[in-house]
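Student: Could you take me on a close look at a single part of this model, the open sheet and the strands that make it up? I would like one connected account.

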Amino acid sequence: ADGAWKSLSGVMQPTGGITTAYTDSGTDYIVHSFLTSGIFTSEIARDVDYLVVAGGGGGGGQIGGGGGAGGFRTATGLSVAAATFAVTVGAGGAGGVNLSVGSNGGQSIFSSITSTGGGRGGVNAPSIQDGATGGSGGGAGEDSGGDHSGGAGNTPSTDPSQGNAGGNSKAGGNHSAGGGGGAGAVGANATTGAAGAGGIGTANAYRTGSNITYAGGGGGGGFGSAGAGGSSIGGDGIGNASGKAGNGVAGFGSGGGGSGRTTGAEGGNGSSGIVVIRYTA
């Protein structure tokens, strides 16, 4: 159970989340993966490696931008005390419906590390066309009167780096909207007749010893062609077709896709994040 100590090879080890082990280049690692919020208990002070990915933002409704990916933070050698830590895994933000915007993703937290939720996508309505700021920013919604800006991300030039900006919308044409930003790249801008794709995610090997890509941006919705989700984990945008735009893949902190509909529009939901804690056995 979470919070109870257990013995691996005769040594008392921390517990919490899903506990696994692997060997990489001759080093034995123990890993605690949290797909939902929980408790991490360490019986001694130790250094750990971490991956903390926040929840992705929801995609926009009517001719909406894709949601931004959740903030992505990772590093080695974080010193933790002998203590019990609450681990928070951020939820994905809801997609917008018609002319309402959705919501930003939730924060993910471990010890002193906080990753910011992805920004929600904008929609074709006054004052909410721009994408929202987040770990990665949401894509902008369309406005026939002018272009709009994707939301700002906590870019690699800032401290701590978490993500990138969302894509810009393009006025006129087939009323396209921008894509959301991924942790690894800025979301693509819309062009006349085509919404922008979500930004690609970033790979990390802490969970299994092999690279897994997290935090892809949601694709923009477009009245012409829609944008694909980033790295196949962000939600795909949709064109002027019935149905809901694609959701981000759960456990990867990805943005939801935007809708290209003018009526009955429904943006995709952002997905929940993940917290991974790794240390040598």
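Tutor: Five strands form an open sheet in the order 3-4-13-6-7, with antiparallel pairing. Strands here are DSSP runs (E, at least two residues; helices are H or I, at least four), numbered from the N terminus, and two strands pair if DSSP finds at least two bridges between them. Strand 3 and strand 7 stand at the edges with a single partner strand each, so one side of each has no neighbour in the sheet. On average, neighbouring strands of this sheet are turned by 25 degrees against each other, direction ignored; the axes are lines fitted to C-alpha atoms, for helices over the stretch in contact, and angles run from 0 to 180 degrees between N-to-C directions.

A word on the basis: this is a predicted model, where local features need pLDDT of at least 70 and side-chain atom pairs count only at pLDDT 80 or more, while totals for chains, interfaces and linings use all residues. Residues are numbered from 1 along each chain as its sequence is written, and side-chain values use heavy atoms, leaving out hydrogens and water.

Now let us follow strand 4. Strand 3 (residues 18-24) pairs with strand 4 in the antiparallel sense over seven bridges. Thr 19 has His 32 as its bridge partner in strand 4, and Thr 23 has Asp 28. Two residues lie between the strands of this hairpin, where Ser 25 takes a positive phi near 50 degrees. Strand 4 is also joined to strand 13 by six bridges, and these two run antiparallel; here Val 31 stands opposite Arg 278 in strand 13.

Six of the eight residues of strand 4 are buried, so this strand is largely enclosed by the rest of the structure. Buried means under 20% relative accessible area, exposed over 50%, and partly exposed in between (1.4 Å probe, protein chains only).

That leads us to the largest nonpolar core, which has 16 residues; Phe 34, Phe 40, Val 48, Leu 78, Phe 110, Val 275 and Ile 277 touch the most other members. Such a core is a set of buried Ala, Val, Leu, Ile, Met, Phe, Trp, Tyr and Cys residues joined through side-chain atoms within 4.5 Å. The elements giving two or more residues to this core are strand 4 (27-34), strand 6 (46-53), strand 7 (72-80), strand 8 (83-87) and strand 13 (274-280). Leaving aside neighbours within four places in sequence, Val 48 is in contact (heavy atoms within 4.5 Å) with residues including Leu 78, Phe 110, Ile 277 and Arg 278.
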